[in-house]
Amino acid sequence: MTSTTVTTSRAKARPGEPFLRVEDLRVHFLTDDGVVRSVDGLTFDVKRGEILGIVGESGSGKSVSSQAIMGLHHDSNARITGEIWLDGQELVSATEQEVRELRGSKMAMIFQDPLSSMHPFYSVGDQISEAYLVHNKVPKKAARAKTVEMLKRVGIPNAETRYDDYPHQFSGGMRQRAMIAMALICEPTLLIADEPTTALDVTVQAQILELIKELQAELNSAVILITHDLGVVAETCDKVLVMYGGQCVEQGVVNDLFYEPEMPYTWGLLRSMPRMDRDRETRLVPIPGQPPSLINVPEGCVFNARCPFSSRVPGNKCFTVHPNLVKAKPGHDVRCHIPVAQREEIFRTEIQPSL
Amino acid sequence: MIRFIALRLVGAVIVLFIVSVVTFLIFQLGPLLSHTSPVYYYIGKVPFKPGSPQLLALIHRFGFDLPLYQQYWHYLSGILFGQTITDGVTKPIPCPAPCFGYSFRENDLVSTMLIQAAPVSISLCIGAAILWLIGGVTVGTLSALKPGSIIDRVGMTGSLAAVSLPIFFTGPLLLLLFEYTLGWLPNVTYEPLTQDPLQWFNSLILPWVSLAFLFAALYARLTRSNMLETMGEDYIRTARAKGLNARTVIVKHGLRSALTPIVTIFGIDFGTLIGSTVITETVFNLRGLGFTALHAIQQEDFPVILGVTVVAACVLVLANLVVDILYAVIDPRVTA
């Protein structure tokens, strides 16, 4: 009770603040091989009713940063610094108890693989009810009714009988629907979907994304959609944040990022994306090389080893100076040493024709 | 679920049948291969020369000249329906089912001996099992929650030490401490639970502890590794993401999965243990199945060895049956 009043008073004290604001978030893991800088200085914000897409390769820090927001890392090996403001409440410095009370109620998460993310020994319905019962003091019967209602809402037929089925008796798409029901049962205002469609058929993917969009509109929540599928981003998101090597390398509204991308890594991502509206003869252009080691992050720009344009920047700057995230235009930030005019030139003449 | 249990029951019956055939054959063929008649092992040292008419008469009287399948049927029907034992001289002895024959060494029915010995073994094993399960799982879970911590190191070093110490070391050590030095349990002899519960408890507490000590160590290590694996599962992350408190996550979501493989191993361990607590029984002077078997082996008392073997096998099969059913209750994927 007390925590809610504190939250609202704090929320009122900061008018005009975005619903979720992440400020210079760093998540470092202490391992035997050294410090893994999984997320290094990430800053972004999401308003209510907005969908932010976070894209990047595996190991770029997408999931790690979202789990940091949810407070799912263990204190014993993860060192988290920076600020995470959710509706006026700071989460990095909050106690485990405070964050736990927010988890599942104010912020919820949908995971990538719905089969391994559900407990094999409990029925789907009971697992969803459990999520409701943690935050709502109601009799079990009421929780069951609420769960059945939620299962119906996410499009599970015969919800009353399917309640008692186990996860292995559900199909992949049904399981992900059930996961969504579990995440949304307490009507969270922040929803993080970590690659929610990766494990699913293409036809089911579209349905699931549509469902997330619908429910998001209904609850007016802020949504973070983590994916490596740019098609999903283009279709679903309002804003995009491109991550590479634990850092944000470019962010902006979807149209800017797709039609006027400025960072060579984003170009690479766009070029390696299959397109139905292009001639099939043209080959996809992959980004050569591997993502950097997060233990020995390269000096200078994180993308320098794979960037085909680093030689065009005078003074070997890409290999010596770490570029800042600079505003290219309102609402569009880019982390690149190539001067803005030259970037636009390269994009127009060398990249755009091959997209 | 009913189908599953029925199938398992049929399986158990088949296994028991095979066990009875194999044990019967071993005890028949052993003497035959060494060119002696099984009659020696069943009746004892008879002062008749091989081939002498008296010996042949004896062999005939006890049916050792019948074809093997008839002998087997005689033996099996004895277990299932009972029989009357007669040596042709003294009064016939009725031997109700399950009849495992007569021990001429002990002058007693084998089933009577087993019925006296079995409760001792069962009391010993169940008590020890409760102790080692509680102890082992608790230590293992605590260790797994903070790997590398002081609790983990003490728990795991302690369990390594416990595994390394045999019962003939820990048993006398406990006796020395509690019975002789502190005098807490002076000279307690076993009494059945139904007759004197306190005496029963007092006579078994030290055997329980020393037996449990050994197994708890094993179970602590098992629980720890299972728990470490389980706590890294995706569904544990989901449970935490729901906002469940740490205890619910650990016990309801973590331990429940981590204990499943332990249930399987427990069934085998417990089933095997019933007939093999001979060291514990000897150290603490308990007359259980292990002691009975050892004594029978020393006396070459075949009917008793056979009886103990069959009973031990039955317990093992039964324990596994219970475990299989329990497993299906725990893990809904098993019956599907």
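**Sheets, helices and the chain contact**

A:Glu250 stands opposite A:Val334, a residue of strand 12 of chain A. The model that contains this pair is a predicted one. The two strands concerned are strand 10 of chain A, residues 247-253, and strand 12 of chain A, residues 332-334, which pair in the antiparallel sense over three bridges.

Both strands belong to an open sheet of eight strands in chain A, ordered 6-7-8-3-9-10-12-11, in which the pairing is mixed. Strand 6 (107-110) and strand 11 (326-329) of chain A each have a single partner strand, so these two stand at the edges and one side of each is left without a neighbour in the sheet. On average, and with direction ignored, neighbouring strands of this sheet are turned by 25 degrees against each other.

Helix 11 of chain A, residues 264-271, packs against parts of this sheet. The helix is mostly covered, with six of its eight residues buried. Those buried residues are A:Pro264, A:Tyr265, A:Thr266, A:Trp267, A:Gly268 and A:Leu269. Their packing partners include strand 3 (51-55), strand 9 (239-244) and strand 10 of chain A. Helices also take part on this list, namely helix 9 (230-236), helix 10 (254-259) and helix 13 (340-351) of chain A.

A further open sheet of chain A has four strands in the order 2-1-4-5, with antiparallel pairing. Here strand 2 (34-46) and strand 5 (89-90) of chain A have a single partner strand each; they therefore stand at the edges, and one side of each lacks a neighbour in the sheet. Strand 1 of chain A, residues 20-31, is joined to strand 2 of chain A by ten bridges, and the two run antiparallel. Across from A:Arg26 stands A:Asp40, which lies in strand 2 of chain A. Helix 2 of chain A, residues 62-70, lies across strand 1, strand 2 and strand 4 (78-86) of chain A, and runs at about 110 degrees to strand 1 of chain A.

The last topic is the contact between the chains. Chain A contributes 23 residues to this contact and chain B contributes 19 residues. On the side of chain A that touches chain B, the elements giving two or more residues are helix 3 (96-102), strand 6 and helix 4 (124-135) of chain A. Helix 4 of chain A gives the most, with four residues. By class, this side of chain A has eleven nonpolar, seven polar and five charged residues.

Methods
Residues are numbered from 1 along each chain as its sequence is written. Chains are lettered from A and ligands numbered from 1 in the order in which they are written. This is a predicted model: local features need pLDDT of at least 70, side-chain atom pairs count only at pLDDT 80 or more; totals for chains, interfaces and linings use all residues. Two strands pair if DSSP finds at least two bridges between them. Axes are lines fitted to C-alpha atoms, for helices over the stretch in contact, and angles run from 0 to 180 degrees between N-to-C directions. Two residues are in contact if their C-beta atoms, placed from the backbone, lie within 7 Å. Ala, Val, Leu, Ile, Met, Phe, Trp, Tyr, Cys and Pro count as nonpolar, Asp, Glu, Lys and Arg as charged, and the others, Gly among them, as polar. A residue is buried if 20 or more other C-beta atoms lie within 10 Å of its own, exposed if 12 or fewer, and partly exposed in between; C-beta atoms are placed from the backbone.
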